[in-house]
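Please examine the sequence and the structure shown here before reading on. The paragraphs that follow treat a metal site and then a group of aromatic rings.

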Amino acid sequence: MLQNPAKGQGGTTVLDKPVTKTMLDVPVAQRMPREIAPGVFWIGDCLAQRHKGKVYHGYNAAFLVAGDEASILVETGHPKDFPVIERHMNELFARGIAPLKYLFVTHQETPHCGGLGRVLKTHPDALLVGDVSDYHLAFPQYEHRMRWMKEGDEIDLGGRSFMAVEPVIRDLRTTYWGFDTKERVLFPGDGFAYSHYHEDGHCGLVAEEAVSLDLPDVSSTFADLALFWTKFADMNAYCDRLDHLIARLDVRVIAPTHGLPITDVKATVPKVQEGLKAAALMPETGTNEKAQAAAS
Ligand SMILES: [Zn+2]
Ligand SMILES: [Zn+2]
């Protein structure tokens, strides 16, 4: 079954099997929502960004994790993506997945939580969970629906639970990573951030399917632009700690917000780490293309 999740299949509880082997044959526009592990759906859209004369495509993805009783949305996507995120979620709910009871965002930054108010408004039974610092200041009307999680806290979704875990490579101090205990899927927010090549048809593919993607290069570019502190830290220590977390949790799939999902942790994680280590050794280029042009 390679078709886009059919609309109008309401009432069925049968979900498509993951289609990791044959997704290359599916037109890009029909790849999402994509089930990257049983009950874990990748939703959202890409964002094109110009850098050094090239167009980089990046995701501001969200993921829906469906238990027997409840679903949790991880990240909300960029504000521009909300109509797509909502459409994808509605397709999945029409296919019979459990109702949305929780929203977890990895940190307080627009590409991660920019749809937070709209998700809480559209799903009045959903609670916001995680590190909920400051959200009550933006959305005082939803303060009574915000619940703190600390590292190791778990939310039961029915047949699986969602855990807040150590954010080894983080953007903000308030960051938490998420973890699905059943399929052992790690949601690392900005931890595995890299763009992909639209021209090569990478949109909607997992990292291992995007064979022409130079992972060390796109990872180091993203770190350079988005994670400035990696320039001033020993990234060997962070990568070792990452290996430790992956081993401790027995992570099988990685679902980053900006990168393509990783389904072969052993083969792919070292390539991302190579990029992080390389970026740490280069001076920061900054994000202002005009300044670069003037200097050159
Ligand atoms: Zn981010
Ligand atoms: Zn794309």
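How are the donor residues of the zinc ion (ligand 2) spaced in sequence? Their spacing is C-x10-H-x138-H-x6-C. The model is predicted, so local features need pLDDT of at least 70 and side-chain atom pairs count only at pLDDT 80 or more, while totals for chains, interfaces and linings use all residues. Residues are numbered from 1 along each chain as its sequence is written, chains are lettered from A and ligands numbered from 1 in the order in which they are written, and side-chain values use heavy atoms, with hydrogens and water left out.

The zinc ion (ligand 2) is coordinated by Cys-46 (SG), His-57 (ND1), His-196 (NE2) and Cys-203 (SG), at 2.1 to 2.4 Å. Donors are N, O and S atoms within 2.8 Å of the metal (3.2 Å for Na, K and Ca); water is not among the atoms, so sites may look incomplete. The arrangement is tetrahedral because the four donor atoms subtend angles of 103 to 114°; for four donors, this term requires all angles to lie between 85 and 135 degrees. Cys-46 is buried, with a relative accessible area of 11%, where buried means under 20% (1.4 Å probe, protein chains only). His-57 is likewise buried, at 11%.

The structure also holds seven aromatic pairs. Rings of Phe, Tyr and Trp (its six-membered ring) pair if their centres lie within 6.5 Å; planes under 30 degrees apart count as stacked, over 60 as edge-to-face and the rest as tilted. The pair of Phe-162 and Phe-187 is tilted because the ring planes stand at 40°, with centres 6.0 Å apart. Both residues, Phe-162 and Phe-187, are buried. Together with Phe-63 and Phe-104, Phe-162 and Phe-187 form one aromatic cluster.

Definitions and conventions:
Tetrahedral: all angles 85-135°; square planar, octahedral: opposite > 155°, others 65-115°. Buried < 20%, exposed > 50% of the residue type's maximum accessible area, 1.4 Å probe, protein only.
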